[in-house]
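Thanks for coming. I will take one structure and go through a few parts of it in turn. Please have the sequence and the model open.

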Amino acid sequence: MQARDIMTTSVISVPLEGQIEDAVRLMLDHNISALPVVDAEGDLKGLVSEGDLMRRVRETDGPRRSWWLEVLGGSGDAARDFVKLKSHRVEDVMTRDVVSVEEDTNVAEIASLLEKHRIKRVPVVRTGKVVGIVSRANLLHALSALQDGALPEPSEDDRVLRAKIEEALKEVPGAVVNLINYTVDKGNVAVWGVADSDFEENAIRVAVENVPGVRTVEVHMGRLPAWAYGI
């Protein structure tokens, strides 16, 4: 099983020249905790996460540092920290050394990368451009498909079917596709994610069932509390 078989393909990103306020609004609107940062050509340049933003909040709650004294004393870290804490530009706050994978990266290798670098997700790139995200949740969904202690290897037909399912889900009214993930094994589809209501969950199920080639559908959808939408 490879990255392409489990990744979330509806990726929300923020432009390199964007403002931090833009990033925060995107995270709230789409209920996500990190955003790839891309340039005008769509190439991956960094990642901005809630962790990057929370550091700014924690710093303002703590004692004020005499950063200018440290700068005059020759501490480059102080100047760098000041930029991260005070700038309104995504480019200044984002993590630049982003761990990424390609579409054919093995799932086991992705799991090792998350563990090694103590990160929650990796962008999936094709010729430098982001085509998906694999998170810890995606890996857990893959593990649920374990058969006899081994992950199944999706056929090319399953991969084509997965792309058709993605398009079908985009037609579901109100569904937030970037919060939905699915695996396909011999035409059997398992869907995870969140939905606003039972009606929306049923609509997601029906959309997948109507895709030609789908044999069975298992739906495992949760609900988001009101505060998760910034209410």
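Which strand gives the most to the lining of the largest cavity? Before the answer, a word on what we are looking at: this is a predicted model. The answer is strand E7, residues 180-185, which contributes 3 residues to that lining.

Let me stay with the cavity. The count comes to 1 cavity of 30 Å³ or more. The space inside the largest cavity is about 30 Å³. Its lining consists of Met7, Thr8, Thr9, Ser10, Arg162, Val177, Ile180, Asn181 and Tyr182. Sorted by class, that makes 4 nonpolar, 4 polar and 1 charged residues.

Now the overall picture. The protein has 10 helices and 9 strands. Of its 231 residues, 42% are buried. Take the contacts between residues at least 6 apart in sequence: 61% of them join residues at least 24 apart.

Next, helix H7, which covers residues 107-117. Which of its residues are buried? They are Val107, Ile110, Leu113 and Leu114. These four lie on the same side of H7, because the arc they cover around the axis is only 115°. On the face turned away from that buried side we find Glu115 and Lys116, and both are exposed.

What do the buried residues of H7 pack against? There are two helices on the list, H1 (3-6) and H8 (136-143). The strands on it are E4 (101-102), E5 (121-126) and E6 (129-135).

After the helix comes Arg118, which has a positive phi, near 55°.

Last, a single glycine. Gly42 sits in the loop that runs between strand E2 (34-38) and strand E3 (44-49). Is Gly42 buried, partly exposed or exposed? Its relative accessibility is 24%, so Gly42 counts as partly exposed; the cut-off for buried is under 20%.

Setting aside neighbours within four places in sequence, Gly42 is in contact with Gly128, Lys129 and Val130. For one of these, Val130, the separation in sequence is 88 residues, while the C-alpha to C-alpha distance from Gly42 is 7.5 Å.

Note on methods: Residues numbered from 1 in each chain as written. Predicted model: local features only at pLDDT ≥ 70, side-chain atom pairs only at ≥ 80, totals over all residues. Heavy atoms only, no water. Buried < 20%, exposed > 50% of the residue type's maximum accessible area, 1.4 Å probe, protein only. Arc of directions from axis to C-beta. Contact = heavy atoms within 4.5 Å. 1 Å grid on protein atoms, 1.4 Å probe; cavity = no way out; pocket = protein on both sides within 12 Å on 5 of 7 lines; lining within 4 Å. Points joined across faces, edges and corners; volume = space filled by probe spheres on them. Nonpolar A, V, L, I, M, F, W, Y, C, P; charged D, E, K, R; others polar.
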